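This briefing describes how the parts of a predicted model meet.

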Amino acid sequence: MPARAVQKKKKTTSPGLSSLVLEKVPTGIRGLDQVTHGGFPKGRTALVCGGPGTGKTLLGLEFLVRGALLYNEPGVCIAMEETAQELVTNMASLGYDLPQLIRQKKLAIDYVHIERKQIEETGEYDLEGLFIRLRGAIDQVKAKRVLLDTIELLFLGLKNDGIVRAELRRLFHWLKDAGVTAVVTAEMGERTLTRYGLEEYVADCVLVLDHRVNEQISTRRLRVVKYRGSSHGTNEYPFLLDDQGISVVPITSLGLTHTASTERISSGVPTLDAMLGKKGFFRGSSVLITGTAGTGKSSFAAAFAGAACARGERALYFAYEESPSQILRNMGSVGQDLEKWINRGLLRIHATRPTAAGLESHLATVYNEIQEFKPTVVVIDPITNLVAVGDLYAVKAMLTRLIDFLKLKHITAMFTNLVFGSGIMEETAVGISSLMDTWIVLGDVDQGEAERMRTLNLLKSRGMSHDTRMHRFILSNKGIEIHGNK
Amino acid sequence: MATSKPIRSRKTVKDDPQPGNSLKARPFKRPVWELRLYVAGMTPTSIRAFENLKRLCEEHMHGAYKIQVVDLLERPMLARGDQIIAVPTLVRRLPTPVKKIIGDLSNTERVLVGLDLRPAGGWR
């Protein structure tokens with residue numbers, strides 16, 4: 001078989017090659033090592049550029065702190081923009097105790113301040129003073145990592161650009177010889193990556209951070225522009241700055257490589273399971289429930305989550321419309337006691353307003369929550385509200401990435417979607433039904449004066465024989481019950 | 001052996017008990033010039049800077065100055081205190097405010113401006 005032959009060949013050549021391949025240093029920053037396929041280039045300098053307030057300094061500092069804490073690699077920070085005290089305060093808000101690291105000799109911060117007004121220049125000079133300080137700090141903690149933040153302030157502080165450029169070139173060579181892995185931050189330029197063209201000197205690995213505001217909602221993004229000698233993800237990845245520091249969301253459209261499971265799990269409604277080939281959903285599949293207002297979408301979602309908890313699995317419920325207590329109360333009225341699952345730690349409800357963040361940030365939050373809680377079942381209720389923060393195209397792109405990620409993790413997901421009016425089929429709002437494996441349409445039919453009848457139709461369910469007839473169902477304090485043919 | 005030995009002029013002013021007073025009394029009394037020259041090793045540039053400085057002090061603040069040379073190769077930690085990044089750097093510690101002049105001090109006019117000896121014209 002040709003495929004096997006290739007694999008074998010790869011195996012035999014890899015030990016010789018691996019010594020030649022670029023070595024990398026893991027940053028320890030959540031998600032970044034996946035995007036860079038292993039971290040920053042070892043013994044070289046990486047450039048992080050971006051506009052003001054995009055998180056450059058934080059990324060650099062986290063590289064140092066995580067290096068010290070996780071990989072036993074002490075770090076040195078040459079801070080030109082913020083004083084050591086300011087850095088300590090900033091990092092404390094992310095839960096990092098810099099003074100302790102300094103006491104333990106895992107970190108050294110040297111605040112380098114240049115005040116142009118105080119300085120007169122005459123004749124020849126070099127920046128050996130800076131070198132000596134850097135060397136001193138490196139020796140002091142036996143540093144393996146260095147952050148220069150923001151080195152280009154030298155251009156502002158000193159008048160002789162020629163000398164600064166020559167000295168920076170010398171500095172980067174010197175860093176390479178010293179064998180430390182360095183991160184240099186720089187302000188974004190108008191036409192160039194950095195204002196003073198630092199990318200000319202540091203060309204091995206370049207990251208660009210970005211902070212965009214779209215319709216009053218901001219999203220932070222990161223992109224690897226260049227990584228000499230290494231493959232890397234080329235997309236823009238959303239990242240979050242939260243109380244645990246930076247987390248890059250390394251999810252992108254992964255392609256269709258996930259393995260499909262044949263395992264079935266219950267929908268939580270026995271009569272619905274019966275319609276689904278008598279067994280329920282495939283594990284790892286994605287389920288869409290659409291319906292007009294008040295047709296019981298959330299009830300199905302709650303039943304689905306409750307069933308997972310009853311099996312002893314974890315369920316994560318993202319609520320974009322109701323607060324957790326409101327969900328608990330409402331679901332209690334249809335016979336779904338979710339509170340006990342929360343108390344047992346099997347269910348987590350994450351409620352936010354869609355407008356609280358941009359789409360990418362929502363994706364990042366979902367990603368982080370999933371990574372942390374490790375659920376087997378996820379409910380997003382409803383996705384419609386996300387359209388409020390992004391256009392349809394963006395929502396679809398986000399959902400594609402999310403679904404790819406969920407499938408890779410074999411997480412079964414249920415999405416609810418509110419549709420308006422009667423044109424249910426046409427208005428699958430975001431046109432995302434093609435991403436879904438199972439599509440359930442809920443509706444109600446006016447039955448003359450007294451009654452409204454709830455209806456359920458299984459529009460599609462990939463890979464299984466299923467009941468396609470229109471059914472009616474009842475929502476009562478005993479739960480959901482689907483009756484025979486309408 | 002400390003190489004950063006202070007090099008004093010023959011007549012360092014010692015009779016002023018509080019250096020601060022000299023500032024207030026500037027129009028009436030000769031100020032004390034406290035200068036520090038940071039270098040990194042005895043390179044041609046550092047030697048040139050020192051010679052330029054010495055000559056300039058003798059001319060413009062004769063008898064009222066002291067120069068301390070700090071070799072950062074010997075005492076690297078001192079670079080932090082005065083925020084030194086370039087060498088040579090001349091720091092005017094007194095009279096305040098602190099002034100810095102970087103380079104080999106070859107342009108006398110600029111050094112005088114940097115030290116506030118121009119355009120005030122000096123006290124002589």
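**Domains and chain contacts**

In this predicted model, the domain assignment divides chain A into domain 1 (21-248) and domain 2 (264-485). The centres of these two domains of chain A, taken over C-alpha atoms, are separated by 44 Å. Chain A also touches chain B, with 20 residues from chain A and 29 residues from chain B in the contact.

**Contact between the domains of chain A**

- Domain 1 of chain A gives nine residues to the contact, and domain 2 of chain A gives nine residues.
- On the side of domain 1 of chain A that touches domain 2 of chain A, the elements giving two or more residues are strand E10 (217-227) and strand E11 (236-242) of chain A.
- E10(A) supplies the largest share of that side of domain 1, namely four residues.
- By residue class, the side of domain 1 of chain A that touches domain 2 of chain A holds four nonpolar, four polar and one charged.

**Contact between chain A and chain B**

- The contact takes 29 residues from chain B and 20 residues from chain A.
- Helix H3 (78-81), strand E5 (99-102) and helix H4 (108-114) of chain B are the elements that give two or more residues to the side of chain B that touches chain A.
- This side of chain B consists of 17 nonpolar, seven polar and five charged residues.

**Strand pairing across the chains**

- Strand E6 (residues 119-121) of chain A runs parallel to E5(B), and three bridges join the two strands.
- Glu121(A) has Ile102(B) as its bridge partner in E5(B).

Methods:
Residues numbered from 1 in each chain as written. Chains lettered and ligands numbered in written order. Predicted model: local features only at pLDDT ≥ 70, side-chain atom pairs only at ≥ 80, totals over all residues. Domains from an automatic or database assignment. Contact = placed C-beta atoms within 7 Å. Nonpolar A, V, L, I, M, F, W, Y, C, P; charged D, E, K, R; others polar. Pairing = 2+ DSSP bridges.
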